[in-house]
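Thanks for coming. I have one structure to go through today, and I will keep it short.

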Amino acid sequence: MGARYLLVVAIVFTAAAVVAGDPVHHVVGEDRGWDPSADVASWYSQRVFRVGDKIWFTYSTTQESLVELRNEEDFTSCDLSNPIKMYTDGLDTISLEGEGIRYFVSGNTESCKNGLKIPVKIQPKEQIMAQNNVGSMAVADGPTVPSASTNLNGLSYILVVGLSICLLGL
């Protein structure tokens, strides 16, 4: 139940973050996790990573591990000889603190060479700015974004559903 429970919790946090506008929690490979059978390249191509987001890697510690590499050359060749960090917990959460590219690969060279690797390009935090043309101001009929109470209600709903799923013993 442990890994499955943590995966459900991670998914609930991801959904809650989207509703609340907070940083996103990305679960690599979704329900397949960090695994050679997962199409992580396809999963990766559908994501935007921003400063402040978190990325979650779940994997079987008997078969896989996770390595962060220093540069694109090591990433491309799956050269694991000079890593930044090796992860072996089976559930690793990594905070994306700065802009740039971070390189994550399987600690199993064969899995890495078969495509179990992702370059995480971290973009700046999204800034929501009102764009008004000076001299052409119009009066709005009302708020155009949901109020904080709407976000809280959506967030509460997601948390209740997620906790219910966990308590039912997935």
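First, the ground rules. This is a predicted model, in which local features need pLDDT of at least 70 and side-chain atom pairs count only at pLDDT 80 or more, while totals for chains, interfaces and linings use all residues. Residues are numbered from 1 along each chain as its sequence is written, and side-chain values use heavy atoms, with hydrogens and water left out.

Now the cysteines. The structure has 1 disulfide, the term being used for a pair of cysteine sulfur atoms within 2.5 Å. The partners are C78 and C112, and their sulfur atoms lie 2.1 Å apart. The angle about the S-S bond is -85°, which is a left-handed link. This pair connects distant parts of the chain, 34 residues apart: C78 is in the loop between helix 3 (72-77) and strand 5 (85-87), and C112 is in helix 4 (residues 109-113). Helices and strands here are DSSP runs numbered from the N terminus, helices being H or I with at least four residues and strands E with at least two.

Are these two cysteines buried or exposed? C78 is buried, with a relative accessible area of 5%, and C112 is buried at 0%. Buried means under 20% relative accessible area, exposed means over 50%, and partly exposed is in between, with a 1.4 Å probe and protein chains only.

Next, strand 4, residues 66-69. L66 and E68 point one way, V67 and L69 point the other way, and all are buried. In general, the side chains of a regular strand alternate between the two faces of the sheet.

Which strands does strand 4 pair with? Strand 5 is one partner, running antiparallel and joined to strand 4 by 3 bridges; within that pairing, L66 has Y87 as its bridge partner. Strand 7 (residues 100-106) is another, also antiparallel, over 4 bridges, and there E68 is bridged to F104. Two strands count as paired if DSSP finds at least two bridges between them.

The rule takes rings of Phe, Tyr and Trp (its six-membered ring) with centres within 6.5 Å; planes under 30 degrees apart are stacked, over 60 edge-to-face, and the rest tilted.

One of the pairs is W43 with F49: the ring centres are 6.0 Å apart and the planes are at 55°, so the pair is tilted. Both W43 and F49 are buried. Another is F57 with F104, with centres 5.3 Å apart and planes at 45°, so this pair is tilted too. W34, F57 and F104 make up one aromatic cluster.

Back to W43, which is in helix 2 (residues 40-45). What does W43 touch, leaving out residues up to four places away in sequence? The list is H26, V27, V28, G29, E30, F49, I55 and I118, where contact means heavy atoms within 4.5 Å. For V28, 15 residues away along the chain, the C-alpha separation from W43 is 7.3 Å. The relative accessible area of W43 is 6%.

Last item: the charged end of K117 sits over the ring of F75, 5.0 Å from its centre. The criterion is NZ of Lys or CZ of Arg within 6 Å of the ring centre and within 35 degrees of the ring normal.
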